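Here's a quick briefing to read with the sequence and the model open side by side.

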Amino acid sequence: MELPEFDDLRFFAGVAAAGTLTEVARQWGVSVSAVSKRLARLERRLGVRLVNRSTRRLTLTDEGRRYAEGARDVLGRIDDLEDEIGRRRSGLHGRIAVHSSMGFGRAHVAPLLGTFEAANPDLRIDLELSHLPVAVGGSGYDFAVRVGPLPDSPLHARVLHRNRRVVCAAPSYVGRRGAPRTPADLAGHDCIVIRENDTAYAHWRFGTDADAAGVRVTGAMTCNDGEVATAWCRAGRGLVMRSLWQVAPLLASGELVQVLADIPTPSADLLAVHGADPPRRVRAVLDHLVDGLSERLPVRPAPVPAAASTAT
């Protein structure tokens, strides 16, 4: 079966987004051989290798990342132009590829993308959830949702919602062990540590964005899943530091209490990371996420119950 005659830019943008030849073939209803031949023909035309092939996944070369990023930029501009002057002027069309972390993606990004697609039926939404971060440039994603500041990068970021991390405990833990009054007091407490990627996960940061410092914490329980760590905290096994968006309902219900509430923590805003000048459909979905998150999530930390601040 022959591959449909997509132009090279659309073809390679699809390859970069799918990540495997098998997935490209599945999406387009053709054989893996047809996709492989088309990719080889494109590489011969350009005179460079665009991907490193393996049995599991394609890895973009430096040239491949540049070509994929440029393809997405050009295609986005074409779509914007057609939106402005063509028959689709009143609506949005095309594909939006989004990457997000598992927890936030399941809880908020996926539902909001669902309502956006329902209101824009000519769009195709492709959401990938992963515990691992992603480099948007050359990845095939239009944007990636992440927590915390963007490292030095030529990419751009839009704040979807203000957020920070807070230290929490179950009332049973506070009643049994008391509440820390300063970050230094954490040395005498059981802290539940979440392992995230290659970050310094045993360091909890306190202070403002300009002068934040890490405090090393220890405890008998560590996990690479935030939901598990929160469940342990709810069971009274120790303190946990989590994003406010995650624990606000538990704080509001009293199932958890916030400790060290008078100690500032750096911002950990929810960001959408994207390239320069995203197409209109991407700008529209980012607006939708900002509006939806403002309704779904709190802006400020929940008040700290008096018992949590006075327990000894």
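How much space lies in the largest cavity? About 50 Å³. Bear in mind that this is a predicted model. Rolling a probe the size of a water molecule over the atoms is how you find out where empty space is left.

**The cavity**

- The residues lining the largest cavity are Arg164, Arg165, Val166, Val167, Phe206, Gln258, Val259, Leu260, Ala261, Ile263 and Thr265.
- Sorted by class, the lining has 7 nonpolar residues, along with 2 polar and 2 charged ones.

**Arginine 281**

- You'll find arginine 281 in helix 9, which covers residues 280-296.
- Is arginine 281 buried or exposed? Its relative accessible area is 7%, and the cut-off for buried is under 20%, so arginine 281 counts as buried.
- A polar atom of the arginine 281 side chain lies 3.0 Å from the backbone oxygen of arginine 95. That makes the pair a polar contact, because the limit is 3.5 Å.
- Isoleucine 96 is 185 residues from arginine 281 in sequence, yet C-alpha to C-alpha the two are 7.6 Å apart in space.

Note on methods: Residues are numbered from 1 along each chain as its sequence is written. This is a predicted model: local features need pLDDT of at least 70, side-chain atom pairs count only at pLDDT 80 or more; totals for chains, interfaces and linings use all residues. Side-chain values use heavy atoms; hydrogens and water are left out. Helices (H or I, at least four residues) and strands (E, at least two) are DSSP runs, numbered from the N terminus. Buried means under 20% relative accessible area, exposed over 50%, partly exposed in between (1.4 Å probe, protein chains only). A polar contact is a pair of N or O atoms within 3.5 Å; within protein, one must be able to donate a hydrogen and the other to accept it, and residues adjacent in sequence count only if both atoms are side-chain atoms. On a 1 Å grid over the protein atoms alone, a cavity is a set of points where a 1.4 Å probe fits but cannot get out, and a pocket is an open set with protein on both sides within 12 Å along at least five of seven lines; lining residues have an atom within 4 Å of a point. Grid points are joined across faces, edges and corners, and a volume is the space filled by probe spheres set on the points. Ala, Val, Leu, Ile, Met, Phe, Trp, Tyr, Cys and Pro count as nonpolar, Asp, Glu, Lys and Arg as charged, and the others, Gly among them, as polar.
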